[in-house]
Amino acid sequence: MMQQKLLIMGLIGLTLVGVCHARGRIMGGAEADPNATPYAASLRVDNGHVCGACILSETKVLTTAHCVHRDGKLIDASRLSCRVGSTNQYAGGRIAYVESVAVHPDYYKLRNNVAVLTLTSPLAFTDRIKAIEVVASGEELPAEGSEVTVAGWGRTTEGTASYKIREMSLKVAPEAACLDAYSDHSEDSFCLDHELKQGTCHGDGGSGVVHGDKLIGLTNFVVGACGSRYPNVFVRLSSFHDWIQEQIA
């Protein structure tokens, strides 16, 4: 069944409410303004982009737990780094190195899929490097059909990774559609609707979902192929607010 074919994929990005224009745009989006996503970081393993991440403070970065695992094992922190302060995953900004990784204690097969990275030295905040606030514990999701913003460096419609971060608007999907796509859907997750051949894709995992200047979710996975008829599935951060704050403290 399609519901069992869950592939770990990530966030894409483009901003204007959604039409898929020319070839080469990430599953339907457009390059973000240089100052539009100062909270976004490119998470790297052995200096190659693997996922997105979000800056929480001068020394803490949030991503999904599956992004820091390989073959079921936690990747050593010495292999991890983040490029911050640049929309280009290959250049600009600065590289911040990772000292340690805290994975949610109940993480298992895409459930409780959050991790907080501690950097070796504090970031210097600028117009292009800023922290983002995580939504409060228990806070309701935006209403069904509400637009939220996603951004990332994931795979484009041409099948290659985007070198510039892209943003796009997606809509909060109905609960019924989320359950249809993901039978294990619970209060720890939510889904976003997209047009065919749009949505999140490889390389976007761990990237942020923003509504009203607050971080409400992280890209978790897609069901089937990128841009399929099913909504994309995201980590609902209101369920993990308290644990995240413990890591920041």
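**Buried residues and ring pairs**

Tutor: Valine 84 is buried, because its relative accessible area is 1%, where buried means under 20%, exposed over 50% and partly exposed in between (1.4 Å probe, protein chains only). This is a predicted model, in which local features need pLDDT of at least 70, side-chain atom pairs count only at pLDDT 80 or more, and totals for chains, interfaces and linings use all residues. Residues are numbered from 1 along each chain as its sequence is written, and side-chain values use heavy atoms, with hydrogens and water left out.

Student: Which residues is valine 84 in contact with, leaving aside its neighbours within four places in sequence?

Tutor: They are Ala41, Ile55, Gly93, Arg94, Leu123 and Ile129, contact meaning heavy atoms within 4.5 Å.

Student: How many aromatic pairs are there?

Tutor: The count comes to two. Rings of Phe, Tyr and Trp (its six-membered ring) pair if their centres lie within 6.5 Å; planes under 30 degrees apart count as stacked, over 60 as edge-to-face and the rest as tilted.

Student: Why is the pair of tyrosine 182 and phenylalanine 221 called edge-to-face?

Tutor: The centres are 5.0 Å apart and the planes stand at 80°, so the pair is edge-to-face. Tyrosine 182 and phenylalanine 221 are both buried.

Student: What makes the pair of phenylalanine 190 and phenylalanine 234 stacked?

Tutor: The ring centres are 5.6 Å apart and the planes lie at 25°, therefore this pair is stacked. Phenylalanine 190 and phenylalanine 234 are both buried.
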